Amino acid sequence: MTGVDVLTEIVIERPIAEVSEYSANPDNGPQWYVNIKSVEWKTLRPAELGSQIAFVAEFLGRRLEYTYEIVELIPGKSLIMRTAEGPFPMETSYRWEAVSQRATRMSLRNRGRPSGFSVLMTPLMILMMRRANQKLSLIHISEPTRLGMI
């Protein structure tokens, strides 16, 4: 079976603590990730191992609903979520690395194994995920006033 494995990276001109705190908070997803339309916590905040968060996304013109479970959370280093419910098994991981005191490299990786009709769409899904990930709109992190830093 063909799998999906898409890795993208972006360097953000903000310290690692700000970038990781902001992007690891599922509530901020709709503000910076183009496909995410809404977030609903299935467990209590804050994010921790075992937390479950339901996302609604638009992808390839379709509405997708899926629930992720946090399986790894190392503040300032990494966050890994896997689908607990959804159209097919998927894993999303975030990694943060300081490039300097004022810049952070963020890696975003999406991987999974589509099933059924989705298998036929895998090559297009990979292309569209790369395109969406390249449009990461982390303007909110890049503007200190939006984070209350100024």
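## Contacts and overall make-up

Take the contacts in this chain (heavy atoms within 4.5 Å) between residues at least 6 apart in sequence: 45% of them join residues at least 24 apart. What you're looking at is a predicted model, where local features need pLDDT of at least 70, side-chain atom pairs count only at pLDDT 80 or more, and totals for chains, interfaces and linings use all residues. Residues are numbered from 1 along each chain as its sequence is written, and side-chain values use heavy atoms, with hydrogens and water left out.

Starting at the N terminus, the order goes β-α-α-β-β-β-β-β-β-α-α-α. Out of 150 residues, 41% count as buried, meaning under 20% relative accessible area with a 1.4 Å probe, protein chains only.

Let's move to the strands. E3 (residues 52-59) and E4 (residues 62-74) pair in the antiparallel sense over 8 bridges; strands count as paired if DSSP finds at least two bridges between them. Gln 52, for one, has Glu 69 in E4 as its bridge partner. The hairpin these strands make has 2 residues between them, and Leu 60 in the turn shows a positive phi of about 55 degrees.

E4 also runs antiparallel to E5 (residues 78-85), joined by 7 bridges, with Glu 72 opposite Ile 80. Here the hairpin has 3 residues between its strands, and Gly 76 in the turn has a positive phi of about 80 degrees.

A cavity is a set of points on a 1 Å grid over the protein atoms alone where a 1.4 Å probe fits but cannot get out, and lining residues have an atom within 4 Å of a point. The lining takes in 27 residues, with Ile 36, Tyr 66, Tyr 68, Thr 92 and Asn 110 nearest the centre. Among the elements that each supply at least two lining residues are helix H2 (29-32), strand E7 (103-112) and helix H4 (122-134).

Thr 92 sits in strand E6 (residues 90-100). Why is Thr 92 counted as buried? Because its relative accessibility is 4%. The Thr 92 side chain makes a polar contact with the side chain of Asn 110, at 2.9 Å; that term covers a pair of N or O atoms within 3.5 Å, where within protein one must be able to donate a hydrogen and the other to accept it, and residues adjacent in sequence count only if both atoms are side-chain atoms. Beyond its neighbours within four places in sequence, Thr 92 is in contact with residues including Tyr 68, Ile 80 and Leu 108.

Technical notes
Helices (H or I, at least four residues) and strands (E, at least two) are DSSP runs, numbered from the N terminus. Buried means under 20% relative accessible area, exposed over 50%, partly exposed in between (1.4 Å probe, protein chains only). On a 1 Å grid over the protein atoms alone, a cavity is a set of points where a 1.4 Å probe fits but cannot get out, and a pocket is an open set with protein on both sides within 12 Å along at least five of seven lines; lining residues have an atom within 4 Å of a point.
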